Every structure is written in structure tokens, then in C-alpha cells.
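Trainee: I would like to learn how to read a structure like this one. Please take me through it feature by feature.

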Amino acid sequence: MTEKDRHAWWKEAVIYQIYPRSFADSNGDGIGDLKGITAHLDYLKELGIDVIWLSPVYQSPNDDNGYDISDYRDIMTDFGTMADFDEMLREAHSRGIRIVMDLVVNHTSDEHAWFVESRKSADNPYRDYYIWREPKDGKEPNNWESWFSGPAWEFDEATGMYYLHCFTKKQPDLNWDNPKVRDEVFDMMTWWCEKGIDGFRMDVISMISKVPGLPDGPLKDSGLYGDLTPYVCNGPHVHEYLQEMNRRVLSKYDLLTVGEAAGVTLEEAKKYANNEGTELGMVFHFEHTDCLEPEEKVIGKWTCRHPQMKNVRAILNKWQTGLEGKAWGSLYWDNHDQPRAVSRFGNDDPKWRTLSAKMLATCLHMMKGTPYIYQGEELGMTNMHFTSPEDCRDVEEINAYRQFVEEHRMVDAETMLRCFDTVARDNARTPMQWDDGANAGFTAGTPWIPVNPNYTSINAKEELADPDSVFHYYRKLIRLRHENPVIVYGVFEPLMMDSDAVYAYRRVLDGAVLTAACNWTDKEQPCSLFDGAQGKELISNYAEHKDGVLLPYEARVFLS
Ligand code: TEU
Ligand code: CA
């Protein structure tokens with residue numbers, strides 16, 4: 001066993017992510033809002049979570065649903081007012097629930113006052129807040145593709161130069177090498193901390209330092225553009241800038257901090273989330289959400305395939321053992337950028353949905369790290385079915401469809417729609433299913449994105465009333481974590497690595513041994529871990545077990 005972890009509240013907490021646009025609409029305009037969140041805090045209290053991570057609620061023209069911020073110190077008009085925010089914060093705190101803000105500072109909106117100034121002239125005081133380059137041979141300065149299709153550069157008539165945007169052209173990248181940018185960001189963070197918020201989830205924070213010279217990237221599978229990730233992820237100054245942020249802001253407050261770290265490796269994560277606490281509390285990595293072979297992809301991230309358990313396990317186990325004693329980790333299946341967990345990793349056929357959602361929850365929540373639940377995951381909400389590109393709201397899907405289907409005819413429309421069914425971000429963004437009434441109880445108006453038609457059978461009202469629901473199972477998993485230090489701090493040891501069907505492991509702390517085993521298939525699978533075991537069962541998705549096997553999608557956890 002390695003050295004013990006220093007205890008912290010955010011290591012013992014369970015986080016619930018809210019995507020405000022799709023959570024609850026209080027005024028019938030079809031868009032979720034802050035008052036809608038406040039009205040449902042008792043639901044979250046009942047679930048038992050400790051912290052809410054709020055996807056961005058700042059002023060934004062919504063090119064990327066709030067990940068394009070035009071004013072960091074104001075609330076998005078669609079979502080309400082600063083008074084609504086203050087009320088939500090107060091009401092959450094009065095229930096013992098903390099609030100973590102999304103911090104989107106790799107880029108701003110092109111409508112942010114800094115960028116409005118920056119594009120005016122080459123000698124504007126705000127010019128160097130962003131990344132401007134001269135054309136190269138009359139074209140883009142390099143071959144990078146933006147994360148959301150098309151070139152990562154936009155030509156600006158006013159000065160005849162290009163600006164860099166790793167995401168949409170309405171999301172220009174900030175120039176973190178400019179100390180004034182860092183001052184502005186740190187001041188803004190301090191302002192929110194003084195308001196009493198409890199932490200930050202930092203959007204693509206691994207991308208804030210770009211490799212000087214901005215060299216061309218290796219050609220992507222489409223052959224259309226180069227890959228920017230080698231030159232923008234984990235760049236030369238990223239750790240230096242985060243250490244500065246830590247010294248100047250984070251260390252002055254008691255915060256949960258989690259970096260969304262596109263392109264992060266285990267070795268890099270040990271630096272970002274180091275146990276000495278000089279940078280961030282933890283990071284999100286993407287290895288398990290993107291563990292298909294290149295030949296399983298249609299193009300770029302688009303695929304109709306589902307990952308195999310043994311590949312997911314190899315990745316998660318590597319992170320479990322690799323971080324031990326060195327850095328803290330995060331645990332998640334789902335977020336607003338991913339398809340629904342039960343549809344991707346489990347089985348959303350009505351016959352297996354509940355069992356497999358509970359199995360997946362068990363598999364993740366008994367691991368080491370801080371668990372994140374994405375809204376609706378606790379109900380076992382499923383992916384959508386896309387019948388036409390008109391169903392899409394997400395700029396990533398809309399642009400990909402235009403580029404690969406319409407402009408370059410590299411993918412046929414039907415295949416692209418099946419890829420959307422499988423991995424589109426909109427799967428996570430359909431409205432929260434509160435009840436079986438009109439629009440799933442999300443809005444009295446017309447929802448900004450269609451409701452998943454299965455809301456009549458999958459909804460919070462029904463699950464709250466059913467003690468065997470996915471909701472009550474999550475509730476129990478959260479309570480177990482709060483009651484058993486071995487679930488928080490126990491050292492992880494893999495088990496049954498010769499099985500491609502059963503994901504099993506042990507957690508060990510001060511003589512307590514927890515054993516978890518999860519059957520990822522719809523068939524009985526051999527497993528003798530529990531035969532004759534001494535101790536007590538902590539949780540299972542089956543009331544009766546069978547010696548020597550795990551039943552289809554069975555999950556079992558034993559403490560001895
Ligand atoms: O996401 C960054 C990121 O890595 C995602 O683009 C993810 O890999 C992709 O969506 C999977 O298809 C963050 C936010 O979470 C996302 O919502 C924003 O669109 C993006 O940054 C830009 O701010
Ligand atoms: Ca509203």
C-alpha cells in the first residue's frame with residue numbers, strides 16, 4: 001500500500017452536473033434557467049449529492065451554448081439575473097450543497113468587449129489579448145482544423161489578419177502568454193470567489209499554452225486539415241500558468257478545482273493534479289470516452305460503434321493505479337459533451353436498461369476518485385434517435401454534417417445520422433425528464449431541443465416513487481461513499497483480468513476490503529469472488545444471487 005491521501009472535502013464529495021439550458025424552465029420560454037434550478041434543489045438534496053457543477057451561466061450569444069462568453073460578470077439573459085444567481089447560491093448553501101462554476105478562459109466570445117476592441121486595429125491595447133497572425137501565401141497561417149470543423153483561423157477584413165479559434169469562429173482563443181490576460185482572468189476568478197462560490201471546472205484548461213511558431217499539424221483522417229492537438233494541448237507554459245493561478249487565486253480559498261484536460265496523459269495528469277496541491281485538485285481525461293480503434297471510426301470522432309469493456313477497463317485501471325499516491329482523479333461516464341452512458345457503455349433496450357444503468361453506476365462509483373453524475377444519468381436517461389439534420393442543435397453536429405456530408409460528400413447522410421445517434425453531444429442535451437406530462441415537465445412552452453419521446457416511461461416522478469429505480473440506486477451509492485472511507489480512500493487493485501465480461505476490483509484501506517464485480521454482458525458469467533465470502537453485501541442490483549456466476553448485468557459489492 002502506498003502513502004495515505006491527505007483528506008479533503010472535495011475528495012469525499014459526489015458532484016452533480018447541471019446543463020442549465022436543459023434542466024428546468026421556470027417561465028415557459030422553452031429554455032431552462034436559474035429559477036428552474038432553485039426550484040429543484042430539494043430533488044438534488046434527496047439524491048444526496050454534495051456539489052453542483054453548473055455549465056456556463058454567463059452572458060453569451062450562445063454559439064456554443066454558453067461556452068462562448070461575452071461577459072464573465074453577468075448572467076445569460078436566457079437564464080435570469082444576478083439576483084436569481086445569488087438566490088440559487090443561497091438556497092443551495094442552505095441545503096449544504098456547494099456550487100462549482102464552469103470557467104471558460106481558453107477563449108471568449110467574439111462579442112466580448114476585449115475582442116471587439118482587439119479586432120479594431122493592430123495597435124489596439126487589446127490586440128495581444130488574442131492570437132493574430134498574418135496570412136501565409138494569402139491563406140490561413142497554418143493547416144489546423146478547428147475542433148468543430150473548418151479551419152481554426154478566421155480572416156478579419158479590418159486589419160487583413162487572421163485570428164485563432166480552436167473551437168468555432170465565434171470563440172477566439174485568448175493569448176495566455178500576455179500577462180494582462182492572466183491578470184484579467186485571475187481578477188474575475190477572485191470576484192466569483194468573493195461571491196462565495198465553491199470551485200471551478202476549467203474548460204479545456206490544458207489548451208491555454210500554444211507551442212510557439214504554431215507549426216502545421218499532422219493531416220487528419222479526412223485529409224482536409226491538420227490536427228492542432230499536438231501544439232495546443234499540454235503546451236510549454238501550461239503548468240507555469242496554472243501554478244500562477246494557484247498562487248494568486250486558488251490557494252486563497254477552499255475550492256474544488258477540476259481541469260477539463262483535452263489530450264491529457266497519465267503523466268501530465270500527475271502534474272496538473274499533483275498531491276502537493278500546486279495546480280488543480282483533479283482533471284478529467286478522455287481516454288475511456290474515446291477508446292475505439294481508428295478503423296471503428298467513420299471520420300474524426302464520428303462512429304456507430306460502442307467501446308468494449310476490456311478496453312475501457314484497461315484505461316480506467318491504468319488511471320486508478322497510476323495516480324495512486326501521486327494525484328487525485330475524477331470519475332465520470334457522462335457529461336454534456338458525451339452520449340448517454342447507458343446507451344454507450346450499457347444496454348438501453350427496455351429489457352436491460354435499469355439493470356445495466358445500475359451496473360455501470362456501481363462499476364464507477366466504487367472506484368477511487370471524485371464521482372460526477374450528469375443530469376438524467378441518475379434516471380438512466382438514454383440517447384436520442386436523429387431522423388434528420390434538422391434535429392441537431394449542437395454546432396459540432398451542424399458543422400460536421402455540413403463539412404463531411406454536404407461539402408465534401410465523404411459520408412452519406414444516413415451514416416452520419418446513425419453516428420449522431422451514437423455519439424452526438426445533443427444526446428446529453430435533451431430536456432431533463434421530470435414527469436410523464438407535456439414536454440416531460442421540463443417546460444410549459446416549446447422546448448429549445450426536442451424531448452426524448454421515452455419520457456413517458458423514464459422520468460423522475462416515476463423513479464422517485466419506485467424503490468427499485470435507478471434513482472434510488474444512485475442515492476444508495478452516494479450514501480455508501482459518505483459512510484465508508486474505504487470507498488473514498490481505499491487503494492485500488494484489479495481482479496479477474498482474464499475475463500472480458502466481468503469488471504472486478506478490490507479497494508483496501510486499514511484492514512477494510514471492498515470487493516466489486518460487474519457483469520457488462522446480457523449473459524450469465526462465471527465469477528466466484530463472492531462464494532463463501534465473510535462480511536456484508538453493500539449493494540447489488542439483484543435481490544437474489546447464484547453461486548459461481550454473475551447474472552446478466554449483475555453488479556455486487558461486498559465489504560469484509
Ligand atoms: O469541451 C472540449 C472538448 O474536449 C470537447 O470538445 C469534447 O472533446 C468534444 O465535445 C467531444 O465531442 C469543452 C466543453 O465541455 C464543450 O462543451 C465546449 O464546446 C468546448 O470546450 C469549447 O468551450
Ligand atoms: Ca426559461
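Trainee: What should I know about the model and its numbering before I start?

Mentor: This is a predicted model, in which local features need pLDDT of at least 70, side-chain atom pairs count only at pLDDT 80 or more, and totals for chains, interfaces and linings use all residues. Residues are numbered from 1 along each chain as its sequence is written, chains are lettered from A and ligands numbered from 1 in the order in which they are written, and side-chain values use heavy atoms, with hydrogens and water left out.

Trainee: How do I read a sheet, and what is the strand order here?

Mentor: Strands of a sheet pair through backbone hydrogen bonds, either parallel or antiparallel. Helices (H or I, at least four residues) and strands (E, at least two) are DSSP runs, numbered from the N terminus. Two strands pair if DSSP finds at least two bridges between them. Here an open sheet of 3 strands runs in the order β6-β8-β7, with antiparallel pairing. Its edge strands, β6 (132–133) and β7 (153–156), each pair on one side only.

Trainee: Are the side chains of β8 buried or exposed?

Mentor: Buried means under 20% relative accessible area, exposed over 50%, and partly exposed in between (1.4 Å probe, protein chains only). Both faces of β8 are covered: Met161 and Tyr163 on one side, and Tyr162 and Leu164 on the other, are all buried. Compare proline 135, found in the loop between β6 and β7. Proline 135 counts as partly exposed because its relative accessibility is 32%. Proline 135 and tyrosine 162 are 27 residues apart in sequence and 6.6 Å apart in space, C-alpha to C-alpha.

Trainee: Which residues are closest to ligand 1?

Mentor: A residue is near a molecule or strand if one of its heavy atoms lies within 4 Å of it. By that rule 18 residues surround ligand 1, and the closest are Asp64, Asp203, Lys301, His336 and Asp337. To sort the shell by class, Ala, Val, Leu, Ile, Met, Phe, Trp, Tyr, Cys and Pro count as nonpolar, Asp, Glu, Lys and Arg as charged, and the others, Gly among them, as polar. That gives 6 nonpolar, 3 polar and 9 charged residues.

Trainee: What polar side-chain atoms lie by an oxygen atom of ligand 1?

Mentor: A polar contact with a ligand is a pair of N or O atoms within 3.5 Å. An N or O atom in the side chain of aspartate 337 is 2.5 Å from a ligand 1 oxygen atom. For histidine 336, a polar side-chain atom lies 2.9 Å from an oxygen atom of ligand 1, and for tryptophan 147 the distance is 3.0 Å. Taken alone, ligand 1 exposes 490 Å², and the protein buries 95% of that; the areas come from the Shrake-Rupley method with a 1.4 Å probe.

Trainee: What are the protein donors of the calcium ion (ligand 2)?

Mentor: Donors are N, O and S atoms within 2.8 Å of the metal (3.2 Å for Na, K and Ca); water is not among the atoms, so sites may look incomplete. Here they are Asp25 (OD), Asn27 (OD1), Asp29 (OD), Ile31 (O) and Asp33 (OD), lying 2.2 to 2.4 Å from the ion. In sequence these donor residues are spaced D-x1-N-x1-D-x1-I-x1-D. Aspartate 25 is buried, with a relative accessible area of 11%, whereas asparagine 27 is exposed, at 52%.

Conventions:
Polar contact = N/O pair within 3.5 Å; in protein donor to acceptor, adjacent residues only side chain to side chain.
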